Amino acid sequence: MMRRPALDDLDLELNVLMNNWPETISVFLRHHMLCVGCTIGPFHTVIDACREYDLDEEAFRKELRYAVSQRRGRSGIA
């Protein structure tokens, strides 16, 4: 059985991130990022996307973690 990747893995590809945590998609959309459904998603990471869109990576990661934590809170998922 495959382990679920870690949200904060620096090498995590965007498509894997969004497939495992679909609630993070809203964060990308809120920043008007075109990463959702992009053909480069299997090759880009959060680092790449933040660099491309000139975003503060740590602040963006904080938003991703918050989106996931909100989903966990609503669904009772640990």
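Buried means under 20% relative accessible area, exposed means over 50%, and partly exposed is what falls in between, with a 1.4 Å probe and protein chains only. By that rule Arg61 is buried, at a relative accessible area of 5%.

Some ground rules. This is a predicted model, where local features need pLDDT of at least 70 and side-chain atom pairs count only at pLDDT 80 or more, while totals for chains, interfaces and linings use all residues. Numbering runs from 1 along each chain as its sequence is written, and side-chain values use heavy atoms, with hydrogens and water left out.

Now the overall layout. The chain has four helices and zero strands. Helices here are DSSP runs of H or I, at least four residues long, strands are E runs of at least two, and both are numbered from the N terminus. Along the sequence the pattern reads α-α-α-α. Of the 78 residues, 28% count as buried.

Next, the inside. A nonpolar core is a set of buried Ala, Val, Leu, Ile, Met, Phe, Trp, Tyr and Cys residues joined through side-chain atoms within 4.5 Å. The largest one has 17 residues, and Leu14, Leu17, Phe28, Cys35, Val46, Phe60 and Leu64 touch the most other members. Which elements give two or more residues to this core? They are α1, α2 (25-30), α3 (46-52) and α4. Helix α4 gives the largest share, four residues.

Let me walk through three of those residues. Start with Leu14, in helix α1, residues 14-20. Leu14 is buried, at 3% relative accessible area. Leave out residues up to four places away in sequence, and Leu14 touches Phe28, Cys35, Gly41, His44, Thr45, Val46 and Ala49. Leu14 and Cys38 sit 24 residues apart in sequence, with their C-alpha atoms 9.3 Å apart in space.

Then Leu17. Setting aside neighbours within four places, Leu17 contacts Leu7, Leu12, Thr24, Phe28, Val46 and Leu64.

Leu64 belongs to helix α4. Leu64 is buried too, with a relative accessible area of 3%. Beyond its neighbours within four places, Leu64 is in contact with Leu7, Leu17, Thr24, Val27, Phe28 and Val46. From Leu64 to Ser26 the separation is 38 residues in sequence and 9.1 Å in space, C-alpha to C-alpha.

Now the rings. Rings of Phe, Tyr and Trp (its six-membered ring) pair if their centres lie within 6.5 Å; planes under 30 degrees apart count as stacked, over 60 as edge-to-face, and the rest as tilted. The count comes to one aromatic pair. In that pair, the rings of Phe28 and Phe60 have centres 5.1 Å apart and planes at 75°, so they are edge-to-face. Phe28 is in helix α2 and Phe60 in helix α4, so the pair ties together parts 32 residues apart in sequence. Both phenylalanines, Phe28 and Phe60, are buried.

On to charges. A salt bridge is a side-chain nitrogen of Lys or Arg within 4 Å of a carboxyl oxygen of Asp or Glu. How many does the whole structure hold? The search finds five salt bridges.

One of them joins Arg65 and Asp8, with the closest N and O atoms 3.2 Å apart. Arg65 lies in helix α4 and Asp8 in the segment before α1, so this bridge ties together parts 57 residues apart in sequence. Arg65 is partly exposed at 29%, and Asp8 is partly exposed at 40%. Asp8, Glu58 and Arg65 are linked in a network of salt bridges.

Another pairs Arg30 with Glu63, at 3.4 Å from N to O. Arg30 is in helix α2 and Glu63 in helix α4, so parts 33 residues apart in sequence are tied together. Glu63 counts as partly exposed, at 23% relative accessibility.

Back to Arg61, in helix α4, residues 57-75. What is its salt-bridge partner? Arg61 bridges to Glu57, with the closest N and O atoms 2.8 Å apart. Both lie in helix α4, four residues apart, about one turn of the helix. Glu57 is partly exposed, at 27%, while Arg61 is buried.

Terms used:
Contact means heavy atoms within 4.5 Å.
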